[in-house]
Amino acid sequence: MTQIKQQPLTKRSALAGARMGFNIFFVLAVAIFIGLTEEFDRAGLLAVQSWATPGLTELANTLNNIGSAPVIYGMAAVIAVALLLLSHRLLAINLALLMGAAFLANLFVKYLMARARPVPVFGEAPESFSFPSGHALMAACFFGFIGMLVTARMPDAWMRAVALTPFIALIAGIGLARIYQGVHYPTDVIGGFVLALALLMTFGPRNADGMRPA
């Protein structure tokens, strides 16, 4: 089996990225808890929802479905099995740990913060709490992991940037869809993205050692 090599991240830079992500997430959570983000969240909701058109509403519903837990975890299971069949056992384990950590972190923080959701514009709000956005967190973890795998053999930064663009656009679109539908505040989505970054730096494929087939 050909060894997969990852260029951009070393263990040291991944650790630094994880630490930075967790620190930013903590500061954001504190800011939300004491009410510092209320004006920003109201303005952000109104701005995104002012774009409303029938076409965008349909697109938001599609993105919402793609970012749902059954779809994300179903795709993650398929990719994990494929990695195992290709003898990349460490990658399959990393993906399982990443998605498991995202699921548990989402539940823990939601109940810890107990933030009420905004009034939804389309449909009904989920019964769970608002912060962080589970769709944003899980989509960013899964598609971020896949993006790292796709760019693993690309030696040039510009090639990696081009290849990552569709994944970044999809992740951003899912986050914006949650704000557009009125089921999350902007800081819920930002928090999901930041926490996903920290988890990706912790459990994602970091270097040639982490990408070596079992």
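1. A surface patch, as the term is used here, consists of residues with over 30% relative accessible area and no salt bridge, nonpolar side chains being joined within 5 Å. In this predicted model, one nonpolar patch is formed by Phe26, Val27, Val30, Phe33, Ile34 and Leu36. Together these residues have about 680 Å² of accessible area.

2. Phenylalanine 26, one of the patch residues, lies in helix α1, which covers residues 11–33. Its relative accessible area is 57%, so phenylalanine 26 is classed as exposed.

3. Threonine 37 belongs to the loop between α1 and α2 (38–49). With a relative accessible area of 9%, threonine 37 is buried, because values under 20% fall in that class. Apart from neighbours within four places in sequence, the contacts of threonine 37 are Ala31, Ile32, Arg115 and Thr187.

4. The whole structure contains 4 aromatic pairs. In one of them, the ring centres of tyrosine 73 and phenylalanine 103 are 6.4 Å apart and the planes stand at 85 degrees, so the arrangement is edge-to-face. This pair links distant parts of the chain, since tyrosine 73 is in helix α4 (residues 69–85) and phenylalanine 103 is in helix α5 (residues 89–113), 30 residues apart. Tyrosine 73 is partly exposed at 23% relative accessibility, and phenylalanine 103 is partly exposed at 40%.

5. A further pair joins phenylalanine 142 and phenylalanine 143, whose ring centres are 5.1 Å apart. Their planes meet at 70 degrees, so this pair is edge-to-face, as angles over 60 degrees count as such. Both phenylalanine 142 and phenylalanine 143 are buried.

Conventions:
Residues numbered from 1 in each chain as written. Predicted model: local features only at pLDDT ≥ 70, side-chain atom pairs only at ≥ 80, totals over all residues. Heavy atoms only, no water. Patch = residues over 30% accessible without salt bridge, like charges linked within 9 Å, V, L, I, M, F, W, Y side chains within 5 Å. Areas by Shrake-Rupley, 256 points an atom, 1.4 Å probe, with all protein chains shown as cover. Salt bridge = Lys/Arg side-chain N within 4 Å of Asp/Glu carboxyl O. Helix = DSSP H or I, 4+ residues; strand = E, 2+ residues; numbered from the N terminus. Buried < 20%, exposed > 50% of the residue type's maximum accessible area, 1.4 Å probe, protein only. Contact = heavy atoms within 4.5 Å. Phe/Tyr/Trp six-rings, centres within 6.5 Å; stacked < 30°, edge-to-face > 60°.
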